[in-house]
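The following exercises concern the packing of a single protein chain. Please work through each task with the structure in view before reading its solution.

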Amino acid sequence: MVLRLLKRFGKWGYHDGVYGLDFGSPVSHISDHLYHRWFLLFDLKNAFYSTSVSKVKSIIKLKFTERKKLLEARFELQKSRQLRIFDPPEVRINPDGWDVAELTSLIMEIVTYQGFLPQGAPTSPFLFRLSITESAKSRYGLYGLIKSIVSPWEISCYVDNFIISGSKPIPTDIREKVFDKISKRGFRVHKIYHRDLRHGSPTICGLRINYAGEANKIVLPKKTIRKWRGIIGRARFDHSVELRRKINGFLASLRPIYGDKPLPQISQVLTKLFFF
């Protein structure tokens with residue numbers, strides 16, 4: 001409910017190349033770089049835990065500026081409180097009036113745990129994306145700063161996974177500037193790869209790029225295909241609803257990659273199951 005409220009009432013900007021669990025997909029993330037040769041890949045370690053809650057609070061406070069939106073947001077929170085969707089005992093809604101600070105404080109009480117963005121909470125990916133794309137004190141967030149440094153190379157991120165790519169190698173001084181900006185924002189970089197795709201594609205968000213010049217395409221790693229062939233084969237003897245849902249979820253995840261034409265290695269196993 002809080003995530004819906006934030007999306008509905010906040011004035012959030014759209015940023016090219018920024019994807020997350022609530023927006024876009026790993027396929028969109030990788031597609032931005034599909035025909036490039038040189039890749040710089042890195043993750044942010046403990047991204048949610050390292051996100052500055054005070055900065056997120058400042059951004060939210062800045063965005064809730066219109067009184068109409070403030071009153072509508074208050075109504076939404078009160079309605080949910082009556083339905084007991086959430087009911088933290090320390091939170092009290094003031095019936096005599098609200099201001100932006102009170103609304104922001106209430107939201108942060110709900111979406112944080114012991115002063116951090118909790119892993120697995122539906123609001124955490126959105127708030128993390130907010131923390132790297134928006135800023136209460138400057139024109140650009142972290143993502144905008146990195147984008148200005150690496151231009152003309154292409155950049156995108158899926159939650160805390162970043163890709164910078166181009167037709168030429170990314171110079172060492174550019175990489176150092178990027179990592180310096182990230183460390184100054186309180187994040188730590190790990191799993192850094194600088195690779196020429198002609199020498200093999202790394203796994204990116206569970207997917208790979210088959211390098212073939214202008215015929216590049218996104219594929220599942222062979223290891224993942226073998227794993228799911230085994231899982232689907234097990235369904236011949238295990239007819240549980242949970243396993244069926246798991247397989248259906250996997251098949252749905254294949255459509256953005258392979259379209260309506262199923263993967264041959266998977267289709268061979270599916271034909272042996274009577275319920276597909």
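Predicted model: local features only at pLDDT ≥ 70, side-chain atom pairs only at ≥ 80, totals over all residues.

**Exercise 1: The nonpolar cores**

Identify which residues touch the most other members of the largest nonpolar core, and state what L127 touches.

*Solution.* 
Step 1. The largest nonpolar core holds 41 residues, of which L127, I146, F162 and I164 touch the most other members.
Step 2. Not counting residues up to four places away in sequence, L127 touches L6, V56, I60, V111 and L117.
Step 3. A second, separate core has 27 residues, including I30, I204, I266 and L270.
Step 4. As background, nonpolar side chains in soluble globular proteins tend to be buried together.

**Exercise 2: The surroundings of helix 8**

List the buried residues of helix 8 and the elements against which they pack.

*Solution.* 
Step 1. Within helix 8 (residues 142-150), the residues L142, Y143, G144, I146, I149 and V150 are buried.
Step 2. These buried residues pack against two helices, namely helix 7 and helix 9 (172-184). They also pack against strand 1 (18-19), strand 3 and strand 4 (161-166).

**Exercise 3: A serine in strand 3**

Is S156 buried or exposed, and which side chain does S156 join through a polar contact?

*Solution.* 
Step 1. S156 is found in strand 3 (residues 154-158).
Step 2. Buried means under 20% relative accessible area; S156 has a relative accessible area of 0%, so S156 is buried.
Step 3. The side chains of S156 and H33 are joined by a polar contact of 2.7 Å.
Step 4. Leaving aside neighbours within four places in sequence, S156 is in contact with residues including G17, Y19, D32, Y143 and F162.

**Exercise 4: The whole chain**

State how many helices and strands the protein chain has, and what share of its residues counts as buried.

*Solution.* 
Step 1. The protein chain has 12 helices and seven strands.
Step 2. Of its 276 residues, 43% count as buried.

Technical notes
Residues numbered from 1 in each chain as written. Heavy atoms only, no water. Helix = DSSP H or I, 4+ residues; strand = E, 2+ residues; numbered from the N terminus. Buried < 20%, exposed > 50% of the residue type's maximum accessible area, 1.4 Å probe, protein only. Polar contact = N/O pair within 3.5 Å; in protein donor to acceptor, adjacent residues only side chain to side chain. Contact = heavy atoms within 4.5 Å. Core = buried A, V, L, I, M, F, W, Y, C linked by side-chain atoms within 4.5 Å.
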